[in-house]
Amino acid sequence: MTIDVTTNQATVRRGTGAITEAGVLPPTTHFIAGAFRDGLGTDTQAVVDPCSEETICQVSQGTAADVDAAVSAALEAKASWGRTLPKQRSEILHAIADRLAENADLLARLEAWNTGKPLMVAEDDIAGSIDSFRFMAGAARATTSLAAGEYAEDHLSVIVREPLGVVGVVTPWNYPLLMAAWKIAPILAAGNTIVLKPSEQTPLTTLKFAELIADLLPAGVFNVVTGLGPEVGGRLSEHPNVDMIALTGSVNSGKAVARNAAETVKRVHLELGGKAPVVIFEDADLAAAAESLRAAGYWNSGQECGAGCRVLVHESVAEKFTGLLVDQVQTLVVGEPTAGEDVEIGPLISKAHYDRVLAHLERAKADGAEAALGGGAMEGPGYFVAPTVLANVPEGSACTLEEIFGPVITVETFSTEEEAITRANAVPYGLAASAWTLNPQRGHDVASRLDAGTVWVNSHLVLANEMPWAGFKSSGYGRDLSAYALDDYSRTKHVMHNKTR
């Protein structure tokens, strides 16, 4: 395949003025038992604006003792909160959603400041967070179980659904408030109390959430401890009074949490990484696929575990498709969140992650991949990487197997359907995938053979709160979103009554 390498390197559109006022920053300490309080340690962590590389503020670094205090508060609150009626919990979740909606612009701007997200991405995050609480408010009142009945002679069996108790939550930096909402809403809806550790890089909207909803929940039901994973997350996952640990993060973080949780045999809910294959057959609508991947491959600067980042395209249409993809991707607007509402791509989250993505690109080129677009860093301050299309990628290259987590799509070719499916599944991840074909029978069949928790046909990265989100293999287990999340955060008890007379 011959690819015309474009020299059109995007430039970073720079903004003017502040994204929001410094006065909107939340308290930067822990939120425990309904109030912000100083940590028991004195260390702090800098929160950095990835657009300017300047420090926004310093946030408390939690200790194991801070976690213990938060767990004690959650433990004290769990009995009374667990006894509330579904209707009562539903009303509170609706009130939380209303409070978020009232402060949606503030939260979106704070999220954009902390993460560098374009405003359109941050606003979508906040809208999704609000909808998560609204959905779970309804789902809490409509749980289902096996019907009560006589399954053993003269005995009536009843299934009772109960809260688990105290749930520890660890959230990532790529969608700080949205991923928190995906956990908080079903955990509260099921009647549990929470101790949450946000990413030390992006804690601001989670702390702001705690500030905004402090009067809506009883003290101790929701708690936040800021700090590093090994210290705060490690203590949460091993704590004997934490009944479950739920994490969205990297595979390595998931393994560490699961190891710690094993000591107390607590439940574990893991949503980990992904390397979503996009299988494009010769009969696909190539223009539609390219247009879809313009968003699905680069949303949130590619810092998205379900991103359509690995294209497998039939060799007969590979050159045409790659040209269409480049045409689409080179129109993306890269910039700071203050540079206009049409900015679509922001910086990567940190210097460490920026360096990691650039190292992936250099390794890919050394392996023989060709940058049909982008392929490197962008000039000026901030952690900006050009939207990149890597073509002529050799089979088995690291860039096709490892999660880059940046604005990069790789393009490989295949000859047969069987080869495409085999190679699509030949990664340790199994979070998401898509198949592109105008043959409906092929679409159904291929979807059933792709080893991923979510498979789209002629689409990619479309989510709905009514449908579950989670993966297979190293992408973890447990279900976010949908009524299945309520199942994850509750337990079933069988009560059998002897009715012999």
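A search of the whole structure finds 33 salt bridges. A salt bridge here is a side-chain nitrogen of Lys or Arg within 4 Å of a carboxyl oxygen of Asp or Glu. This is a predicted model: local features need pLDDT of at least 70, side-chain atom pairs count only at pLDDT 80 or more, and totals for chains, interfaces and linings use all residues. Residues are numbered from 1 along each chain as its sequence is written, and side-chain values use heavy atoms, with hydrogens and water left out.

Take Glu 412. Its side chain meets Arg 310 in a salt bridge, 2.8 Å from N to O. Glu 412 sits in strand β16 and Arg 310 in strand β13, 102 residues apart. Strands (E, at least two residues) and helices (H or I, at least four) are DSSP runs, numbered from the N terminus. Glu 412 also bridges to Arg 423, again 2.8 Å, N to O. Arg 423 lies in helix α13, so this pair ties together parts 11 residues apart in sequence.

Buried or exposed, Arg 423 and Glu 412? Both are buried. Buried means under 20% relative accessible area, exposed over 50%, partly exposed in between (1.4 Å probe, protein chains only). Arg 310 is buried too, at 2%.

Now the network. Salt bridges link Glu 282, Asp 283, Glu 417, Glu 418, Arg 442, Asp 445 and Arg 449.

Last, the helices. α13 passes α14 in a right-handed crossing, meaning the near helix is turned clockwise from the far one by less than a right angle. The contact (heavy atoms within 4.5 Å) includes Ile 421 of α13 and Val 446 of α14.
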